Amino acid sequence: LPADCTEQKPTPDLSPDCLEALSSLCLAQAQDCVLRKAVRDQKKAGVVAKLAAHAKVLYLQTNLGLGRENVRGMWERDWVATMEQRASLCRGLAELHQASVCQEQGKWGERIARLRVAKASLASAPEWLANPDTALAEAVKDNEFIYHEREPDAEQLEPVAAAAVVKATPLPERWRPGEADLFREMPAWADVKLKREECVVS
């Protein structure tokens, strides 16, 4: 709006940073929904791992957006903590299922390393923690007695490949293209100075 306009300017919730943060949150939750369905439908471990890896990335991006100084006061602090927890959970699920892929490929040392990362990441999710606990104990035992493979450090592990199955779509120019545009005939601000009462839509 022009500087001399007396109409109310957009509220903070319509600022670019706020809209970007909320858009990122919607994407993360959408990817999370696909991830949960894949887990429930018992999809292949490699598929679940890739879905979880991208969900983790989206939650981390959302956390950064929600934590920006000019918007962080618009929501409760719990939101930032929740994003961190969801990111950690998704990382744990990615590593847990990638460990199953390692087992299929005979990479016993890497499997153990990924299970350790999964266990640490899922520490705050008791409904999942038993999975890496049991698998890790079995993997360590098998490696000590049979395979004798070296366990790589967590920093040496290749990141789990991410699969993005959701994306943001641009807003349409018009929400109802079949209906008349009430503002089409309205003069531009630079062309004519309108009275305040002429600009108010009741």
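## Gln98 and helix H3

Gln98 lies in helix H3, which covers residues 78-105; helices here are DSSP runs of H or I with at least four residues, numbered from the N terminus. The model is a predicted one, in which local features need pLDDT of at least 70 and side-chain atom pairs count only at pLDDT 80 or more, while totals for chains, interfaces and linings use all residues. Residues are numbered from 1 along each chain as its sequence is written, and side-chain values use heavy atoms, with hydrogens and water left out.

With a relative accessible area of 16%, Gln98 is buried (buried means under 20% relative accessible area, exposed over 50% and partly exposed in between, with a 1.4 Å probe and protein chains only). Not counting residues up to four places away in sequence, Gln98 touches Ala49, Arg114 and Val160, where contact means heavy atoms within 4.5 Å. The C-alpha atoms of Gln98 and Pro159 are separated by 10.0 Å, although these residues are 61 residues apart along the chain.

## Geometry of H3

From its first C-alpha to its last, the 28 residues of H3 reach 40 Å, close to the expected 40 Å at 1.5 Å a residue; the expected span is 1.5 Å times one less than the number of residues. Just after H3, Gly106 adopts a positive phi of about 75°.

Helix H1 comprises residues 16-40 and includes Ser24. Ser24 is buried at 14% relative accessibility. Its contacts, leaving aside neighbours within four places in sequence, are with Leu58, Gln61 and Thr62.

H1 and H3 pack at an angle of about 35°, with axes 12 Å apart; axes are lines fitted to C-alpha atoms, for helices over the stretch in contact, and angles run from 0 to 180 degrees between N-to-C directions. H1 contributes Leu25, Asp32, Leu35 and Arg36 to the contact, and H3 contributes Trp79, Met83, Arg86, Cys90 and Leu93.

## The nonpolar core

The largest nonpolar core contains 36 residues, and Leu35, Leu115 and Trp128 have the most contacts inside it. Such a core is a set of buried Ala, Val, Leu, Ile, Met, Phe, Trp, Tyr and Cys residues joined through side-chain atoms within 4.5 Å. Two or more residues each come from H1, H2 (45-66), H3, H4 (108-121) and H5 (126-147), with H2 giving the largest share, 9 residues.

Leu35 touches Val48, Leu51, Ala52, Ala55, Cys90 and Leu93, not counting residues up to four places away in sequence.
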